[in-house]
Amino acid sequence: MITKEMHYSIIIIGGGPIGLACALEAKKNGIDYCILEKGALVNSLYNYPVNMTFFSTSERLEIGGVPFVSNNAKPTRAEALEYYRRVTASYQLNIHLFEEVKSVEGSVKDNDKIFTITTNKNAYTAKYIIITTGFYDIPYLLNVPGEDLPKVTHYYKEPHAYAFQKVLVVGAQNSSVDAALETWRKGAEVTMVIRKEEIGARVKYWVRPDIINRIQEGSIKAYFNSTVKEIRQHEVDIITPEGLVTVPNDWVIATTGYKPNLKFLRSIGIELSNDEILCPVVDDETQETNIKNIFLAGVICGGMNTHRLFIENSRVHAEKIINKIKKG
């Protein structure tokens, strides 16, 4: 139930690192704002595997000029969560957590366009909206029978629960490789199903040789150029170049990638490119969309090309947006 209505100059939708960067920039310039985040603080990072190490070095994950010091050159998930918590607390950022935006509507009031933002808890009005929603919320589905079984997950967290179990990992990128190696080291019998002919080229360079060696020595079984056909309670059918293979199975970790919530952008009226990338149309100088006073920041700007933008090369969006807002 909606309980009250509040007005801010800026509503920021998404409380990830880039959303926080936009809030820092707004605060630095004396502009009132509120961040609306449907999950936990930096929710995408929170959903990363517990033992994950970033590819980027710590200084490339910094926002707002706040130093990020880690024990090693490449920080861990735990260190990143601590850093973004510290930034949020130190600057007393105005963020509402576990509050999901359901709709955005515009109306004209006193010759100014005012947006009404409705969430699962409240209603807000704002002159400007910044959308920084990332892409980690909607997994690519296998679209096979049995994918809805409780033993199937699209998010790998940590390995202990899979100890001494038969685990099938679908995919060949960083999350897939982390899941395969970590569960294998905890005693799982691991099988990988990989759509292409090799482990992904973007896998972290210090991890890729490890998974290749484990496959070559037979510690981890891998089916290349293969796909899952059906998942059942105690087994999985795999289509391989040699024909159909059925393997015993307890758990399926389908780390097949994620995509941005483009349906939400369309519902607001934001234009997307006509190609398969579906890239939102934004002004490169200001990050403003085709809708006046609505801006995009972060990886959402890459559309379906989720590997083009990262924290380090999209944190500049915050300054560009706030500079535009300051000019009116």
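The answer below turns to helix H1 and then to the chain around it.

A: This is a predicted model, in which local features need pLDDT of at least 70, side-chain atom pairs count only at pLDDT 80 or more, and totals for chains, interfaces and linings use all residues. Residues are numbered from 1 along each chain as its sequence is written, and side-chain values use heavy atoms, with hydrogens and water left out.

Helix H1 covers residues 17–28; helices are DSSP runs of H or I with at least four residues, strands are runs of E with at least two, and both are numbered from the N terminus. From first C-alpha to last, the 12 residues of H1 reach 16 Å, close to the 16 Å expected at 1.5 Å a residue, where the expected span is 1.5 Å times one less than the number of residues. Because 10 of these 12 residues are buried, H1 is largely enclosed by the rest of the structure; buried means under 20% relative accessible area, exposed over 50% and partly exposed in between, with a 1.4 Å probe and protein chains only. Among the buried residues of H1 are Pro-17, Gly-19, Cys-22 and Glu-25. Just after H1, Gly-30 adopts a positive phi of about 70 degrees.

The protein chain holds 8 helices and 17 strands, and 51% of its 328 residues count as buried. Its C-alpha trace spans about 70 × 40 × 35 Å along the principal axes. Among contacts (heavy atoms within 4.5 Å) between residues at least 6 apart in sequence, 60% join residues at least 24 apart.
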